[in-house]
Amino acid sequence: MSLALYGIGVSRGIAIGKAHFMRGILEVLESAIPPDLLDDEIRRFLAAVETARAQLRALRKRIPANTSVDIASFIDAHLLMLDDATLIHAPVELMRKHGCNAEWALKLQRDAVVDVFERMDDAYLRTRRDDVDHVINRIQRILLEKNQPDTESASLVDCIVLADDLTPAETVLLEHQGIAAFATEYGGPLSHTAILSRSMEIPAVVGAHGLHNYLRDGELLILDGLQGLLIADPDESLLTHYRARARAEQLRRRELDLLTGQPAVSRDGVAIRLLTNIELPEDITAVNHHSADGVGLYRTEFLFMNRDKPPDEEEQFECYRSVVEGLQGRPLTIRTLDLGADKQVDSLGSRCGANPALGLRAVRLCLKDLSLFRPQLRAILRASAHGPVHMMIPMLSNTQEVRQVLALVNEARNALQRSGIAFAPDLRIGGMIEIPGAALSAAEFAAQLDFLSIGTNDLIQYTLAIDRVDDEVNYLYDPLHPAVLRLIKMTIDAGAAAGIPVAMCGEMAGDPRYTRLLLGMGLTEFSMHHTSLQEVKRVINTSNIASLRPLVDELLTTTKAGQIPARVESLNSNLTE
Ligand code: PEP
Ligand code: MG
């Protein structure tokens with residue numbers, strides 16, 4: 001009898017293969033250590049830390065040269081943690097205080113650290129918790145003499161790997177061992193492991209609670225990375241169905257691969273710019289690999305997270321310079337700090353108002369705290385001397401904010417000039433349209449800026465009054481709401497009338513279901529996560545924009561709200577899966 005288990009699908013694709021449990025849950029027990037043996041126990045702990053360090057260094061050397069993801073930096077982060085007092089000195093203190101064994105002290109410290117992470121509101125920071133777990137598990141395994149995880153030894157070709165959790169380093173090695181897919185008991189869609197599975201295109205499901213209870217090592221499994229589904233012991237009809245879906249998926253990928261390096265041009269000859277969104281400097285490896293036209297959104301606030309003090313001008317400059325140089329001539333759109341709301345950082349103290357999403361965030365925060373904003377403006381200007389850099393201002397609500405930012409940029413230019421520091425004189429400055437009021441007055445913004453970019457994630461949040469991080473109202477999040485579509489269209493039209501480019505960098509831009517709709521609205525620049533690039537390109541290259549335009553015009557003007565999804569689907573009707 002087949003059994004189905006649901007988790008979160010984080011990387012699409014179908015896999016059929018034998019289950020391989022990588023390792024069981026580590027069971028850690030408390031035991032009392034007599035005072036005269038405590039020093040020995042502490043030495044055992046420190047030796048385990050040393051072994052963990054040696055394992056990680058060895059692993060770093062084994063990273064295959066053709067890995068497209070900068071996995072070395074993940075391993076370096078874990079090595080740094082092995083020097084951190086919170087993870088290394090604190091357990092020693094706990095051993096002395098409680099007279100307990102090393103495993104137990106490490107578990108107590110792990111629980112304390114994880115508790116702090118879990119109380120954080122920031123989804124990205126919560127994912128750093130996974131790194132803490134990965135490092136602690138490695139030490140625990142050594143203490144428990146379970147040796148290395150079997151990613152580092154066994155052959156796993158065509159297996160569906162099942163694990164409590166996987167480190168990013170393990171994930172890369174698994175891919176090189178030819179696994180078919182993986183599923184983990186824990187983890188979320190924003191974890192580095194989930195991000196890696198998408199970059200490496202390994203079908204994956206995370207958060208599949210009950211793996212250990214319901215699945216058996218060696219049994220046949222089907223994994224559907226799109227639906228987040230695992231099926232154990234499938235019958236013949238299920239196997240036939242999923243084999244056909246796997247073949248269709250393989251074909252789809254092969255077709256998409258052929259598009260890498262090709263331009264995005266519609267059937268009627270309109271060239272479309274396909275850009276990527278990045279959060280971290282290492283993301284540029286994938287940008288180059290997927291031959292994107294550049295970066296349409298660099299979320300710089302990630303540089304300000306996980307630290308006690310904000311980065312100074314010099315550190316920001318070095319970071320932006322390395323990114324633009326790494327892009328080898330492709331343009332880099334640096335968004336100025338978009339902190340606040342769901343992206344709070346410790347280094348600036350908590351500034352949550354009663355309604356953080358409507359409060360002091362993004363450009364509002366920057367204009368209020370010039371000691372935060374000025375170094376970033378100077379760093380961006382300085383980086384512009386090293387490659388094509390554009391600057392983008394988030395969350396604009398009125399044109400006074402644009403004037404203030406432009407005045408500050410001029411001030412920074414003058415100061416740099418006086419000091420003889422290089423910058424590009426023609427840095428293009430654009431703004432994000434993310435607030436309904438800004439979309440309604442997009443023409444005024446277009447008159448003052450060099451480009452606009454539509455942030456649909458926030459635009460939808462504010463238009464429909466739904467907190468984008470609140471699960472309870474998630475069902476109302478609707479990119480096809482007629483009000484949202486009108487605001488997008490107004491922004492695109494305002495840019496066209498002013499003769500400036502308009503891009504879209506919210507999630508809607510990377511969703512191929514909406515590509516034709518957006519093309520028909522006149523959008524010519526799309527910025528998205530790199531894994532969506534070829535799929536969106538495929539839709540563009542099979543579309544005729546001239547014939548989409550009247551259909552989309554009609555859809556926007558006369559179609560009743562309830563019929564819009566079906567009409568949008570019909571625009572895509574000649575696309576094959
Ligand atoms: C958006 O709001 O659509 C956007 C791209 O910005 P972020 O998701 O970083 O708020
Ligand atoms: Mg936004």
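The following legends describe close-up views of a predicted model.

In this predicted model, local features need pLDDT of at least 70 and side-chain atom pairs count only at pLDDT 80 or more, while totals for chains, interfaces and linings use all residues. Residues are numbered from 1 along each chain as its sequence is written, chains are lettered from A and ligands numbered from 1 in the order in which they are written, and side-chain values use heavy atoms, with hydrogens and water left out.

**View 1. The residues around ligand 1.** The shell around ligand 1 holds 14 residues, of which Arg299, Arg335, Glu434, Asn457 and Arg468 come nearest; a residue is near a molecule if one of its heavy atoms lies within 4 Å of it. By class, the shell residues divide into three nonpolar, four polar and seven charged. Here Ala, Val, Leu, Ile, Met, Phe, Trp, Tyr, Cys and Pro count as nonpolar, Asp, Glu, Lys and Arg as charged, and the others, Gly among them, as polar.

**View 2. Polar atoms facing ligand 1, and its cover.** An oxygen atom of ligand 1 lies 2.8 Å from a polar side-chain atom of Arg299. A side-chain N or O atom of Glu434 is likewise 2.8 Å from an oxygen atom of the ligand. Thr456 takes part through its backbone, with an N or O atom 3.1 Å from an oxygen atom of ligand 1. Taken alone, ligand 1 exposes 290 Å², and the protein buries 99% of that; accessible areas come from the Shrake-Rupley method with a 1.4 Å probe, and for residues only the protein chains shown count as cover. Strand 10 (295–299) and helix 17 (456–463) are the elements that give two or more residues to the shell. The largest share, three residues, comes from helix 17. Helices (H or I, at least four residues) and strands (E, at least two) are DSSP runs, numbered from the N terminus.

View 3. Helix 21 spans residues 545–558 and has 14 residues. From its first C-alpha to its last it reaches 20 Å, close to the 20 Å expected at 1.5 Å a residue; the expected span is 1.5 Å times one less than the number of residues. Ile545, Leu548, Val552, Leu555 and Leu556 are buried, where buried means under 20% relative accessible area, exposed over 50%, and partly exposed in between (1.4 Å probe, protein chains only). Seen down the axis of helix 21, these buried residues fall within an arc of 90°, so they line one face of the helix. The arc is that of the directions from the helix axis to the C-beta atoms. Ala546, Thr557 and Thr558, on the other side of helix 21, are exposed.

**View 4. Helix 1.** The 24 residues of helix 1 (residues 38–61) should span 34 Å at 1.5 Å a residue, and the end C-alpha atoms are 35 Å apart, which agrees. Its buried residues include Leu38, Glu41, Phe45, Arg53 and Leu59.

**View 5. Two buried residues with polar side-chain contacts.** Gln534 lies in helix 20 (residues 533–541) and is buried, with a relative accessible area of 5%. Its side chain makes a polar contact with the side chain of Lys537 (3.0 Å). A polar contact is a pair of N or O atoms within 3.5 Å; within protein, one must be able to donate a hydrogen and the other to accept it, and residues adjacent in sequence count only if both atoms are side-chain atoms. Ser266 lies in the loop between helix 9 (236–258) and strand 9 (273–278), and at 4% relative accessibility it counts as buried. The side chains of Ser266 and Asp268 make a polar contact (2.6 Å).

**View 6. Residues with a positive phi.** Most residues other than glycine have a negative phi. Asp158, which is not a glycine, has a positive phi of about 65°. Asp158 is placed in the loop between helix 5 (123–143) and strand 4 (160–163) and, at 51% relative accessibility, counts as exposed. Ser291 also has a positive phi, near 45°. Its place is in the loop between helix 10 (284–289) and strand 10, and at 26% relative accessibility Ser291 counts as partly exposed.

View 7. Gly437 lies in helix 15 (residues 436–440) and is partly exposed, with a relative accessible area of 38%. Gly437 and Asn398 are 39 residues apart in sequence and 8.0 Å apart in space, C-alpha to C-alpha. His209 lies in the loop between strand 6 (204–206) and helix 8 (211–214) and is exposed, at 53% relative accessible area. Between His209 and Tyr186 there are 7.0 Å in space, C-alpha to C-alpha, and the two are 23 residues apart in sequence.
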